[in-house]
Amino acid sequence: MKSLVIAEKPSVARDLCKAIGGKFEKHDEYFENDDYVVTSAVGHIVELCMPEDYDKRDAFWRLANLPIVPDTFKLKPIERTESKFKAIKKILKRKDIGTVINACDAGREGELIFNYLYKLAKCTLPVKRLWMLSMTPTAIREAFKNMRDGEAMEHLAEAAQSRSEADWLIGINCTRGVTKRLYGSRAGNVAGVGRVQTPTLAIVVERERLIEGFKPRDYWRIVADFGIANGSYQGNYQKADFKKNDDEHDRIDRIWDEERAKAIIADLEAADRAEVSEEKKKSRQAAPRLYDLTTLQREANNRFGYSARRTLQLAQSLYEKHKMITYPRTDSRALPEDYPDTVRKTLLGFDDTLGDLAARVVSNKWINPGNKRIFNNKQVSDHFAIIPTNESPKKLNDDEMKIYDMIVRRFISIFYPSAEFDITTRFSVIGEHRFKTEGKVLVSPGWLEVYGKDNAIGEETLPALSEEDGSPATAKLESFENIKEETKPPPRYTEATLLSAMEGAGKLVEDDELADAMKEKGLGTPATRAQIIERLIAERYIEREHRALVPTPKAETLLDFLSHLNAEALTKPELTGEWEYKLHKIEDGELDRDAFMKEIVDMTKEIVDRIKNFQEDEDAMPETELRSPIDQQPLYESMRAYRTKDNSFAIYKIIGNRKMQVSELKELLEKRRIGPVDNFRSKAGKSFSANLLLDEETNKVKFDFGGEEEGSNGTVDFSQLTPIAKCPRTGGDVFETPAAYVVRVMEDGKETTPIRVSRKILDREIPREQMLKLLENGKTDLLDKFWSKRTKRPFDAYLVLQKSGQTKFEFPPRAAKKGAKKAAKKAAKKAASKS
């Protein structure tokens, strides 16, 4: 009898055939030799049935039909891959097949892919599990020698099925219920809700609201320059008797009272010298731990700007295609305790510079099997940390090479000794005022040598005290400066910081050791977090602005509604992290699957009941400063609008997919017209600008694009306008509308508008002459007083025209930091003296 091997992807099936050996005959859907038939899925090819598959009436989204909770979940082939399912089912029914080998990815999702396929095919053959952590031929052959019985994977299969059914229950019921309550029967509007994606979205929205509500506070810092025999150094004023408190912005060098800062400056003006003391200590820094997928994604986002999905794609290619790293979808940062010999072989397999660095680990006997930061069975489940294999290097593209280089250097460096530093802390005291300066000297690079950072040995960052400075030492007060600054809001999430927050169940945990302790209760798994972020972007809940992730008004509407429902289970990351923790418990056989599913079903029913019976408490709606244009009655703030008590008039908070400021709505209600206003979004997600009008007859808000008042499609009636110039790029006519500069091109009687630039961008008017310069040169002069909505501060930038017809900002070079010019002059003098 033959064994049927089912891989997750066709490329893996081909690799299995090569590793097994023996002559395989290729057929349309499989490979076959005397002992094995090898085939593959193409990822998920079986899914849970949809509500309409149980009852055709559920094809229509109706609140009355909710909740939908199947007694038994049914399966069906995914339509686009149904032929693949039928082909595998046919092989499973062959008389010469006696065993099925599950060779899908070694994890929860791989188990689900095989399990659903096996169940829907109604297969009863015995199952073996091929558990591969590396795709090298040697590792594959080793996995075939150590196959697990199918029964041993029962708990992992239960966890996978529970995850799938829980997401179905929450996703189907809550998405349908919230969509009907928020959008009614309006086509094309869907409020997607998910067990993991919604609390992830809540993290981003909460941060955005902190930024929007942030009120900056002024503070002062005093910086002084001191001179000694060996040179100059800078010190920062330190408040006396400073203690940490509840004020997250308070620091030992921040003075909150301007008069106090002026008094210190007055004391310094009367001074000449400072008494100097210092203390020295040695510091050691160990290499960072090996990568799991989330830390790899975080660092790749910080270093190269790669999205989490892109990093996973590259790591998967290095694993599947090139066989150069171990299994990447892991949450472990340790290696098995029996791995030291494998580590030695791998370290001796590198070439060139990395080969020399790796070989030194072996020759110096730095591999310590007792090091629990590296070799720790308790921190390894079915997967271990991502490390290189001993496979010969293949030709990689630039992106693959960057990820591979990160993994290799991290792997080599963890066996190196700690980096050692001498840290000098110097205090310069003038009367009662103390200034602090720190210098750090790299004494022994240790693991930093793997990253090429050994060239800083002996490089002093602080001129040393000498006998010439006296005993006790003194320094000349050369200059001082009172610097006014203001507190800044927390930064928006990037993919790197959001991945960290997801791993910590909503807490932004940067410390590696603490993150490891919390990751079992994180949102999602390493393999799914990138997919969750991409889904939020695809559903237009968040947008990428450079590296920042910004929530849309759609996201705020959803979170506001769920907040009104008190649906904490869908918005609190900690609670959803608990569910993920329970799925881990099911995997380990420590929690009954039925108990978990009952909890999910009960929660689904409770949330649906709240959705169906939700009524806003009109008495609780706060009165606002806005007034009805009809009778000047006050408007009250409801969940989605500002409206009168009798509902005779309402104006929405979100217009054209843009959250309106209260000040903007106030002006619109008073003057019946504002604009041009930027950053409206069409249904296709394209940004546009327009004036807003309050119609005299209907009191409804309309867009004015400079000739037509209509929907959000940006149409301009050019028949009412006169061209102001010819576009040197397209040959079209340039028009100036109330909202924008628009280039119209006519070809074969068809009208296109390839270039459209708002007349007002981030509260800054764009003059006509700068628009013409933009068309002529592709770039404006340096324009000032743009207003950042993120930092709440003005900034200067050039506008640059892209090929797409959109504009982007180009920023002037940053001014040198305070002290940088002085440091540059000193470095130049030093270099000149050496030459």
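Mentor: Helices are DSSP runs of H or I with at least four residues, strands are DSSP runs of E with at least two, and both are numbered from the N terminus. The model is predicted, so local features need pLDDT of at least 70 and side-chain atom pairs count only at pLDDT 80 or more, while totals for chains, interfaces and linings use all residues. Residues are numbered from 1 along each chain as its sequence is written, and side-chain values use heavy atoms, with hydrogens and water left out.

Trainee: In which loop is Thr 330 found, and is Thr 330 buried or exposed?

Mentor: Thr 330 belongs to the loop between helix 10 (308-320) and helix 11. A residue is buried under 20% relative accessible area, exposed over 50%, and partly exposed in between (1.4 Å probe, protein chains only). Because the relative accessible area of Thr 330 is 0%, Thr 330 is buried.

Trainee: Which backbone oxygen does the side chain of Thr 330 reach?

Mentor: A polar contact is a pair of N or O atoms within 3.5 Å; within protein, one must be able to donate a hydrogen and the other to accept it, and residues adjacent in sequence count only if both atoms are side-chain atoms. A polar atom of the Thr 330 side chain lies 3.0 Å from the backbone nitrogen of Ser 332. At 3.1 Å, the side chain of Thr 330 also reaches the backbone oxygen of Phe 384.

Trainee: Leaving aside neighbours within four places in sequence, with which residues is Arg 344 in contact?

Mentor: Arg 344 lies in helix 11 (residues 340-347) and is partly exposed, with a relative accessible area of 30%. Contact means heavy atoms within 4.5 Å. Apart from neighbours within four places in sequence, Arg 344 is in contact with Val 362 and Ile 367.

Trainee: How many Å apart are the end C-alpha atoms of helix 9?

Mentor: The expected span of a helix is 1.5 Å times one less than its number of residues. For the 12 residues of helix 9 (residues 293-304) this gives 16 Å, which agrees with the distance between its end C-alpha atoms, 16 Å.

Trainee: Which residue follows helix 9?

Mentor: Among the buried residues of helix 9 are Leu 293, Leu 296 and Ala 300. The helix is followed by a residue with a positive phi, near 75°, namely Gly 305.

Trainee: Which strands stand at the edges of the open sheet of four strands?

Mentor: Two strands pair if DSSP finds at least two bridges between them. The order in this sheet is 28-29-30-31, with antiparallel pairing. One side of each edge strand is left without a neighbour in the sheet, because each has a single partner strand; these are strand 28 (725-726) and strand 31 (750-758).

Trainee: What is the phi of Asn 647?

Mentor: Most residues other than glycine have a negative phi, and most peptide bonds are trans. Asn 647 is found in the loop between strand 20 (641-643) and strand 21 (650-652). Although Asn 647 is not a glycine, its phi is positive, at about 65°.

Trainee: What is the omega of the peptide bond from Ser 471 to Pro 472?

Mentor: Pro 472 has its place in the loop between strand 14 (433-444) and strand 15 (474-486). The peptide bond from Ser 471 to Pro 472 is cis, with omega near 0°.
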